[in-house]
Amino acid sequence: MKNIYNNDEDIDILEETDVKEEVDSDSGKKLILHNDDITPFDSVINALVQICKIEYEIAVQLTYIVHYQGKCIVQEGAEDKLKKMKMAFEQRGIIATVED
């Protein structure tokens, strides 16, 4: 599974289109987080860092995309691994789906 959001370079603010273009270049299933207007930002950010193993700054950006756009692709890869990650988000009360 490829972690498309973790890098060691300086992090610039990503536009939603930048995130989508990175994901669209890869094949496989996609893990999508959905906004629920209940779960606190800090909980979503911490879950992204711990479950997806991404940097804090990227997790913040993805959380804002989820909040303002209603959903966001946060990971892509093999279906079995993404389903495990989905269950981990759901155990924290965060809505997630695995889609093509």
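This is a tutorial dialogue on reading the features of a predicted model.

User: How do the strands pair?

Analyst: Take strand S1 as the reference. S1 and S2 run antiparallel and are joined by 6 bridges. S1 also runs antiparallel to strand S3, residues 96–99, with 4 bridges between them.

User: What should I keep in mind about the side chains of a strand?

Analyst: In a regular strand, side chains alternate between the two faces of the sheet.

User: How many residues of S1 and of S2 are buried?

Analyst: In S1, 5 of the 6 residues are buried, so this strand is largely enclosed by the rest of the structure. In S2 the count is 5 of the 7 residues, so S2 is likewise largely enclosed by the rest of the structure. Across the protein, buried residues make up 37% of the 100 residues.

User: How do I read the nonpolar core?

Analyst: The general idea is that in soluble globular proteins nonpolar side chains tend to be buried together. Here the largest nonpolar core has 22 residues, and Leu33, Leu48 and Phe89 touch the most other members. Two or more residues of this core come from each of strand S1 (29–34), helix H2 (41–52), helix H3 (56–69), strand S2 (71–77) and helix H4 (79–91).

User: Which residues is phenylalanine 89 in contact with, leaving aside its neighbours within four places in sequence?

Analyst: Phenylalanine 89 is in contact with Leu31, Leu33, Ala47, Leu48, Ile51, Cys52, Ile94 and Ala96.

User: Where is methionine 85, and is it buried or exposed?

Analyst: Methionine 85 is found in helix H4. Its relative accessibility is 9%, and the cut-off for buried is under 20%, so methionine 85 counts as buried. The C-alpha atoms of methionine 85 and alanine 96 are separated by 8.9 Å, with the two residues 11 apart along the chain.

User: What share of the contacts joins residues at least 24 apart in sequence?

Analyst: Count contacts between residues at least 6 apart in sequence: 74% of these join residues at least 24 apart.

User: What about the surface of the protein?

Analyst: The accessible surface comes to about 6000 Å², and 48% of that belongs to carbon and sulfur atoms.

User: How many aromatic pairs does a search of the whole structure find?

Analyst: The search finds 2 aromatic pairs. Phenylalanine 41 and tyrosine 64 form an edge-to-face pair, 5.0 Å centre to centre with 70° between the planes. Phenylalanine 41 lies in helix H2 and tyrosine 64 in helix H3, so this pair ties together parts that are 23 residues apart in sequence.

The pair of tyrosine 64 and tyrosine 68 is stacked, at 6.1 Å centre to centre and 10° between the planes. Tyrosine 64 and tyrosine 68 are 4 residues apart in helix H3, and are therefore separated by about one helical turn.

User: Which residues form the aromatic cluster, and are they buried or exposed?

Analyst: Phe41, Tyr64 and Tyr68 form one aromatic cluster. Phenylalanine 41, at 28% relative accessibility, counts as partly exposed. Tyrosine 64 also counts as partly exposed, at 39%. Tyrosine 68 has a relative accessible area of 61%, so tyrosine 68 is exposed.

Terms used
Residues numbered from 1 in each chain as written. Predicted model: local features only at pLDDT ≥ 70, side-chain atom pairs only at ≥ 80, totals over all residues. Heavy atoms only, no water. Core = buried A, V, L, I, M, F, W, Y, C linked by side-chain atoms within 4.5 Å. Buried < 20%, exposed > 50% of the residue type's maximum accessible area, 1.4 Å probe, protein only. Contact = heavy atoms within 4.5 Å. Areas by Shrake-Rupley, 256 points an atom, 1.4 Å probe, with all protein chains shown as cover. Pairing = 2+ DSSP bridges. Phe/Tyr/Trp six-rings, centres within 6.5 Å; stacked < 30°, edge-to-face > 60°.
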